[in-house]
Amino acid sequence: MLWEKGTKIQVKIEDISDTGEGIGKTDGFTWFVKDAVIGDLVEAKVMKTKKSYGFARLEQVLEPSPHRVLPPCPVARSCGGCQLQAMDYEEQARFKENKVFNNLLRIGGIDCKELFEPMIKMDNPWHYRNKAQFPVGKNKEGKIITGFYAGRTHTIIECEDCLIGVPENARILNCIRTYMEEYGILPYDEETNTGMVRHILIRKGFQTGQIMVCLVINGPTEQMRGSEVLVKRLTALFDKTGPENTPQLTTIACSINQEKTNVIMGKELVNLYGPGVIIDWIGPVQYRISPLSFYQVNPVQTQRLYETALEYAELTGTETVWDLYCGIGTITLFLARKAKKVYGVEIIPQAIEDACANAKLNGIENVEFFTGKAEEVLPEQFESNPVPVDVIVVDPPRKGCDARCLETIIAMEPKRIVYISCDSATLARDLKVLGEHGYEVARGRMVDMFPWSIHIECVVGMQRKHI
Ligand SMILES: C[S@@+](CC[C@H](N)C(=O)[O-])C[C@H]1O[C@@H](n2cnc3c(N)ncnc32)[C@H](O)[C@@H]1O
């Protein structure tokens, strides 16, 4: 059947895609409808069609799903950051669980539903993000605005109080916008590569209350007229006399980015106030976080994720452990408190610098870090120093582990493998390979690190089979 652009169709939504669109069928033809929820009967307008599927825009919900809720955020639809805000939290969890189990079965051939413990959900799934990056621009009236890019565009959706960000963001953004208006500091214009302030990065240590503000600017800091006034105003925003973890603005920095690029942060950092880093704790381990450091964005759930990984590693204090894709050593340091020795591997040199600094900060000495690709460092180390290894923990990016990395893990014969994954499709692919080489899933757990988004984190514990 031919579907003209603009045709109205009725679709019953049966699933959600990997990018958050509702999925339904008419006469065997698959439709993707953004903002539709599983169980909705919707009227949608055809936008684009391919051979066997098409995209349609939600016009009206004819019969709402029993799980449809009114998104509490006024810009939920246009912003695109929270793809599942119109679905109640319990249903989101069910959807994420199904997605993971389906992928494990379909891609990995692994039926392990009964080995999984219940998902670790959030008691209060709001205001959980410790980091936000707000683009700065102007609206049609020429007023300076801050917000988020609308999904897949560079149109700024004005938003002062994102419901998954910390409440302090709104006051900080307001203070910076007022300063910019008063001092004639212009927002960056990416069309002409002119103007000054491109983004505002805000990070908060949930345990310490320390807040960092980093302005990404298109020029040297000397061009930020009145920056000393901005510093004074920002640091006066929060009460300094409250209890220990009362929010405190402790660091203000500028990142200079004069490139015509989509990359947010520039290469040069200039500190305007404070030590240039904030400190936060995850459980008993403290971390130094710079504007450039990778640090998990949901600290409440990160602690639960790391505790689960630690539990699955079954450490007694005598084990040798590898932590592959270790970032700034967050899991490495968690594991090191219960192991004899932990080796961390990470591709980004600056993250390894942070990892070493964090080890020192915590007085942890039984760790060693390597900079490089896991698929190169691990085989090299295994060849030059083939000491027995008890546990290997992996936490790769979405694309999963490289084949050479998996081969070496198998050759090293650890007793246990703990796989932390943010993409259940590549997790399933890699577990299949490990399963074909003597490892079986012993237990697993999902941790909801990103409520209202389609993403879900998984921890899987594998044991070497006795052959
Ligand atoms: C999902 S993050 C995990 C970071 C860390 N485990 C944590 O919890 O904060 C994945 C990390 O793998 C790193 N990475 C990506 N490809 C890599 C590779 N081939 N070898 C080693 N590290 C890699 C990334 O830079 C990133 O820090």
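Trainee: Which residue in β19 is the bridge partner of V394?
Mentor: The partner of V394 there is Y419. Helices (H or I, at least four residues) and strands (E, at least two) are DSSP runs, numbered from the N terminus.

Trainee: What am I looking at, and how are residues numbered?
Mentor: Residues count from 1 along each chain as its sequence is written, and side-chain values use heavy atoms, with hydrogens and water left out. The model is predicted, so local features need pLDDT of at least 70 and side-chain atom pairs count only at pLDDT 80 or more, while totals for chains, interfaces and linings use all residues.

Trainee: Back to β18. How many bridges join β18 to β19?
Mentor: There are 4, and the two strands run parallel. Strands pair if DSSP finds at least two bridges between them. Strand β15 (residues 320–324) is also joined to β18 by 4 bridges, again parallel. There, L324 has V394 as its bridge partner in β18.

Trainee: Which way do the β18 side chains point?
Mentor: V391 and V393 go one way, I392 and V394 the other. All are buried, meaning under 20% relative accessible area; exposed is over 50%, and partly exposed is in between (1.4 Å probe, protein chains only). In a regular strand, side chains alternate between the two faces of the sheet.

Trainee: New topic, the ligand. How many residues surround the ligand?
Mentor: The count is 18, and the closest are Y306, T330, E346, A374 and D395. A residue is near a molecule if one of its heavy atoms lies within 4 Å of it.

Trainee: What classes are in that shell?
Mentor: It has 10 nonpolar, 4 polar and 4 charged residues. Ala, Val, Leu, Ile, Met, Phe, Trp, Tyr, Cys and Pro count as nonpolar, Asp, Glu, Lys and Arg as charged, and the others, Gly among them, as polar.

Trainee: Which atoms of Y306, T330 and A374 are involved?
Mentor: Y306 has a polar side-chain atom 2.7 Å from a ligand oxygen. For T330, a side-chain N or O atom is 3.0 Å from an oxygen of the ligand. A374 uses a polar backbone atom, 2.8 Å from a ligand nitrogen.

Trainee: How much of the ligand's area does the protein cover?
Mentor: 88% of the 600 Å² of accessible area that the ligand has on its own. Areas come from the Shrake-Rupley method with a 1.4 Å probe.

Trainee: Which elements give two or more residues to the shell?
Mentor: Those are α6 (330–336) and α8 (374–384).

Trainee: How do β4 and β5 pair?
Mentor: Strand β4 (residues 41–49) and strand β5 (residues 53–63) are antiparallel over 8 bridges. E63 in β5 is the bridge partner of L41. Strand β1 (residues 8–16) also pairs antiparallel with β4, over 5 bridges. I9 has A44 as its partner in β4.

Trainee: What about β1 and β2?
Mentor: They form a hairpin with 5 residues between them. G20 in that turn has a positive phi of about 100 degrees.

Trainee: Which residues have positive phi without being glycine?
Mentor: Among them are D35, at about 75 degrees, and E413, at about 50 degrees. D35 sits in the loop between β3 (29–33) and β4. E413 is in the loop between α9 (403–412) and β19 (416–421).

Trainee: Is D35 buried or exposed?
Mentor: D35 is buried, at 18% relative accessible area. E413 is partly exposed, at 45% relative accessibility.

Conventions
A polar contact is a pair of N or O atoms within 3.5 Å; within protein, one must be able to donate a hydrogen and the other to accept it, and residues adjacent in sequence count only if both atoms are side-chain atoms.
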